[in-house]
Amino acid sequence: MDKVYSDARSALAGLVKDGMTIMAGGFGLCGIPETLIEAIRDSGAKDLTFISNNAGVDGVGLGRLLETRQIRKMISSYVGENKLFAQQYLSGELELEFNPQGTLAERIRAGGAGIPAFYTKTGVGTLIAEGKEVREFNGEKYVMETGLFADISVVHAFKGDTEGNLVYRKTARNFNPMMATASRLTIAEVEHLVPAGEIDPDCIHTPGIFVKRIVHVPNPVKHIEQRTTRKREETV
């Protein structure tokens, strides 16, 4: 089966529908599948639920889908860099399911591993635990969290081969590997596309069995979310 598609729009053709749940990799703006997100925006699909660590920033990443009001619900752990997100949430336009970051990661990992639920101490006695089952193990209380599973996942990889084996680069790995396992179908955008067999098996982060569609995106824009520079010294 040929997994490589000519562009992001064709890679998503026939997949994106109103009301579906989509996982999107990335942390801040690092490792986000920006090209695939743009194609989802162009699809016009609405009432979408996105599972993502955050909602990008204004005008970048999932922020683009907030601009077009295509996202109905976010399942996230951090949204502090997006003013539009805050506006839509406070006005009641956008639903938010907040998760501690480690809990979100484990919910995704559990979904990919076929684990329907697990118990964690994180959030016990806080708003996070409201409405959830709390049980005691060895004298300690734990809150039950459910695994997450999506209709499709969109991920970004540094390198991939034509069979869908993926390699992520440094911090851009973040949520991408676990999200690639936790949906019915995963689409990957890759910066460097190589023939099957060229990647050392010991270097593969996501096996190709999890990836059904690939789009080659060379030289993507690498956004800097927070730029901090040292004040220039004055010369005499």
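## Met23 and strand β2

In this predicted model, Met23 has a relative accessibility of 0% and therefore counts as buried. Met23 belongs to strand β2, which covers residues 21-24. Apart from neighbours within four places in sequence, the contacts of Met23 are Ile51, Ile108, Leu148, Phe149, Ala150, Ile152, Ser153, Val154, Met179 and Ala182.

Met23 and Glu81 are 58 residues apart along the chain, and their C-alpha atoms are separated by 19 Å.

## The chain as a whole

The secondary structure of the protein chain consists of six helices and 12 strands. A compact globule of 236 residues would have a radius of gyration near 18 Å, and the 19 Å of the protein chain agrees with this. The C-alpha trace spans about 60 × 55 × 40 Å along its principal axes.

Of the 236 residues in the protein chain, 46% are buried. The accessible surface of the protein chain is about 12400 Å², and carbon and sulfur atoms account for 51% of that surface. When contacts between residues at least 6 apart in sequence are considered, 72% of them join residues at least 24 apart.

## The nonpolar cores

The largest nonpolar core has 32 residues, of which Leu12, Ile40, Phe50, Met74 and Ile187 touch the most other members. Helix α2 gives the most to this core, contributing four residues. A second, separate core has 19 residues, including Val155, Tyr168, Met179 and Val211.

Leaving aside neighbours within four places in sequence, Ile187 is in contact with Ala11, Leu12, Leu15, Leu36, Ile152, Ser153, Val154, Val155 and Arg213.

Helix α2 comprises residues 34-43, and its buried residues are Glu34, Leu36, Ile37, Glu38, Ala39 and Ile40. In an α-helix, residues three or four places apart point the same way, because there are 3.6 residues a turn. Gly44 follows α2 and has a positive phi, near 80°.

The loop between α2 and β3 contains Asp47. With a relative accessible area of 39%, Asp47 is partly exposed. Most residues other than glycine have a negative phi. Asp47, by contrast, has a positive phi near 55°. A positive phi is also found at Asn174, where the value is near 25°. Asn174 is placed in the loop between β10 (166-167) and α6 (176-181).

## Gly19 and its surroundings

Gly19 is located in the loop that joins α1 (8-12) to β2. Its relative accessibility is 44%, so Gly19 counts as partly exposed. Beyond its neighbours within four places in sequence, Gly19 is in contact with Lys46, Asp47 and Leu48. Gly19 and Lys3 lie 16 residues apart along the chain, with their C-alpha atoms separated by 26 Å.

## Asn54, a buried loop residue

Asn54 occurs in the loop between β3 (48-51) and α3 (63-67). Despite this loop position, Asn54 counts as buried because its relative accessibility is 6%, under the 20% limit for that class. The side chains of Asn54 and Asn53 make a polar contact of 3.1 Å.

Leaving aside neighbours within four places in sequence, Asn54 is in contact with Gly26, Phe27, Gly28, Leu62, Met74, Ser76 and Tyr78.

## Cysteines

The structure contains zero disulfides. Cys30 takes part in no disulfide, and the nearest cysteine sulfur, that of Cys203, is 19 Å away. A disulfide would require the two sulfur atoms to be within 2.5 Å. Likewise, Cys203 is in no disulfide, with the sulfur of Cys30 as the nearest cysteine sulfur.

The two residues can also be described by their accessibility. Cys30 is partly exposed, with a relative accessible area of 27%. Cys203, at 41% relative accessibility, also counts as partly exposed.

How values were computed
Residues numbered from 1 in each chain as written. Predicted model: local features only at pLDDT ≥ 70, side-chain atom pairs only at ≥ 80, totals over all residues. Heavy atoms only, no water. Helix = DSSP H or I, 4+ residues; strand = E, 2+ residues; numbered from the N terminus. Buried < 20%, exposed > 50% of the residue type's maximum accessible area, 1.4 Å probe, protein only. Polar contact = N/O pair within 3.5 Å; in protein donor to acceptor, adjacent residues only side chain to side chain. Contact = heavy atoms within 4.5 Å. Core = buried A, V, L, I, M, F, W, Y, C linked by side-chain atoms within 4.5 Å. Rg over C-alpha atoms; globule rule 2.2 N^0.38 Å. Areas by Shrake-Rupley, 256 points an atom, 1.4 Å probe, with all protein chains shown as cover.
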